[in-house]
Amino acid sequence: MTKERFKNIALDGLLKNNPTFRLVLGTCPTLAISSSLFNSLGMGLSVTVILIFSNIIISCLRKVIPNQVRIPAFILIIATFVTIIRMFLEKYVPDLYTSLGVFLPLIVVNCIILGRAESFASKNPVLDSAADGLFTGLGFTLAISLIGIVREILGAGSILGFKLWDFQIGFFSSSAGAFVVYGLMIAIFNSLYSKFELNRNRKNFKQQMVAQLDNEDAATADAVKEA
């Protein structure tokens, strides 16, 4: 995998096709789990680990799995890693396991993981698929964590369980508050991303113009020498 390829995969997962803010995938766990930063980080990191390992296995088996049964095969592979994560959390982080509740086993049918398995891992080499799983997972973790930070600070007046002040707005701990924060974060993220893309396009245009002028100057110099 080239450096440019790695950079493109990273930007794709974190910014260009961020699963939460750009593609609006995994909305149910995002809204239900993001009442606190602790829960958000737990869900995000769980999804990231499952994405990485399921992408690796699916990529390794992409030429072996028959096309007719690829979706059931993908679900079986993902379910295996979900079960491992569930057992790990139940044993070592029981509070998080209880907080995630039914949304932990539902990762099996999470459209983010199934989508990357179908659109990327099943068509690309192992290293590329592992990087895609890592950065897509980190993009999801970043998004749900930002929402969790806002909701916990405003709704509970705390962060990671540490009390910041007594003032709190219960609305942000509710389902309605989750929708409002989610919508605002999507709007802010896409506004910033549009500015980022505009600046990058301007920079690329300037570089192309400079390269073109350099080529024209070189061609002119060669013509003068020949004359």
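**View 1. Phenylalanine 88 and tyrosine 92 in helix H4.** Being four residues apart in helix H4, phenylalanine 88 and tyrosine 92 are separated by about one helical turn; helices here are DSSP runs of H or I of at least four residues, strands are runs of E of at least two, and both are numbered from the N terminus. The model is predicted, so local features need pLDDT of at least 70 and side-chain atom pairs count only at pLDDT 80 or more, while totals for chains, interfaces and linings use all residues. Residues are numbered from 1 along each chain as its sequence is written, and side-chain values use heavy atoms, with hydrogens and water left out. Phenylalanine 88 is partly exposed at 45% relative accessibility, whereas tyrosine 92 is exposed at 59% (buried is under 20% relative accessible area, exposed over 50%, and partly exposed in between, with a 1.4 Å probe and protein chains only).

**View 2. The ring pair of phenylalanine 53 and phenylalanine 81.** Rings of Phe, Tyr and Trp (its six-membered ring) pair if their centres lie within 6.5 Å, and planes under 30 degrees apart count as stacked, over 60 as edge-to-face and the rest as tilted. The count comes to six aromatic pairs by this rule. In one of them, phenylalanine 53 and phenylalanine 81, the ring centres are 5.8 Å apart and the planes at 25°, so the pair is stacked. Phenylalanine 53 belongs to helix H3 (residues 37-60) and phenylalanine 81 to helix H4 (residues 70-92), so that the pair links distant parts of the chain, 28 residues apart. Phenylalanine 53 is partly exposed, with 42% relative accessible area, whereas phenylalanine 81, at 18%, counts as buried.

**View 3. The largest nonpolar core.** A nonpolar core is a set of buried Ala, Val, Leu, Ile, Met, Phe, Trp, Tyr and Cys residues joined through side-chain atoms within 4.5 Å. The largest one has 26 residues, and those with the most contacts inside it are Met43, Val47, Ile50, Leu100, Ile107 and Ile113. At least two residues of this core come from each of H3, H4, helix H5 (94-100), helix H6 (111-121) and helix H7 (126-156), and H4 gives the largest share, eight residues.

**View 4. Surroundings of methionine 43.** Leaving aside neighbours within four places in sequence, methionine 43 is in contact (heavy atoms within 4.5 Å) with Pro29, Ile33, Leu100, Phe103, Leu104, Ile107, Phe140 and Ile144.
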